[in-house]
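Please open the structure in your viewer and keep the selection tool at hand.

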Amino acid sequence: HRTLDTALAEAWIRTAAAAVEDAERHLTALDTAIGDGDHGSNLRRGFTAVLAALDAPPEGGFESPGALLRTVGSTLTAKVGGASGPLYGQAFRAAGAELPPDADPAACADALAAGLAAVRALGGAEPGDKTLVDALAPAVDALRAAAETGATLARATAAAADAAERGARDTTPLQARRGRASYLGPRSTGHQDPGATSAALLLRALADAAAR
Ligand code: ADP
Ligand code: MG
Ligand code: MG
């Protein structure tokens with residue numbers, strides 16, 4: 001895949017749904033340590049509904065990758081609940097609104113940046129607060145840097161996924177300042193953030209789909 005077209009958007013989301021299913025127990029275990037133990041089941045429920053939406057597309061199919069991602073966002077908002085549902089829902093809607101029909105790596109970076117901005121506007125998290133932002137922000141930077149060097153979409157999205165995974169791992173020593181984990185204060189340190197972990201998983205799914 002050289003651009004993020006509708007076919008790749010669908011392949012990404014189907015890959016992400018499968019990855020969420022595989023990671024459900026892991027995400028729930030992370031959220032049991034510093035939250036209420038529902039992050040895996042929340043996302044699983046959301047992506048099950050997303051797959052149903054992809055299986056019942058509008059007449060004539062999704063008109064653009066952006067339209068498909070906006071449907072993903074509204075489905076996640078409706079089904080996931082908790083803190084992560086509205087945050088992921090707004091992120092996919094904002095990214096979908098920004099995405100042109102055949103996005104090259106630079107346009108993908110702009111769309112991901114719009115998703116990150118939506119998360120920050122809604123949740124108020126700064127980098128280092130031990131949230132989704134800690135995976136998404138380095139991913140935006142890596143995607144943009146790769147685009148500037150003329151990288152292919154496969155390489156650029158792989159760089160974004162690598163950066164997101166590093167960002168998620170680097171949440172472990174942090175003290176949470178947003179969301180439920182912040183109620184634990186210093187006891188939130190020493191555990192990887194569940195939402196940063198799922199954000200990295202979603203970006204790895206994009207890289208995997210783009211590489212096929
Ligand atoms: P809940 O905490 O309501 O049970 P989830 O378990 O589904 O929701 O999601 C928890 C994740 O949501 C956290 O690990 C964190 O990454 C993310 N999160 C929570 N609050 C915020 C926020 N204000 N901004 C960004 N991400 C947040
Ligand atoms: Mg939770
Ligand atoms: Mg909850």
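A helix, as the word is used here, is a DSSP run of H or I with at least four residues, and helices are numbered from the N terminus. The model on display is predicted.

Begin by selecting His26, which has its place in helix α1. Is this residue buried or exposed, or something in between? His26 is partly exposed, because 16 other C-beta atoms lie within 10 Å, whereas a buried residue needs 20 or more and an exposed one has 12 or fewer.

The buried residues of α1 include Leu8, Trp12, Val20, Leu27 and Ile34. Against which helices do the buried residues of α1 pack? They pack against α2, α3 and α8.

Then turn to the largest nonpolar core, which has 67 residues. Leu112, Leu136 and Ala139 are among those with the most contacts inside it. Elements giving two or more residues to this core include α1 (6–34), α5 (105–123) and α8 (194–211). The largest share, 11 residues, comes from α8. Select Ala139 and its surroundings: apart from neighbours within four places in sequence, Ala139 is in contact with Leu112, Ala160, Ala163, Ala164 and Leu203.

Finally, select residues 7–208, where UniProt, in an unreviewed entry, places the feature "domain: DhaL". This span is 70% helix and 0% strand, and its end C-alpha atoms lie 14 Å apart.

Conventions. Residues numbered from 1 in each chain as written. Chains lettered and ligands numbered in written order. Predicted model: local features only at pLDDT ≥ 70, side-chain atom pairs only at ≥ 80, totals over all residues. UniProt positions renumbered as here; feature names shortened; annotations may be inferred. Core = buried A, V, L, I, M, F, W, Y, C linked by C-beta atoms within 7 Å. Contact = placed C-beta atoms within 7 Å.
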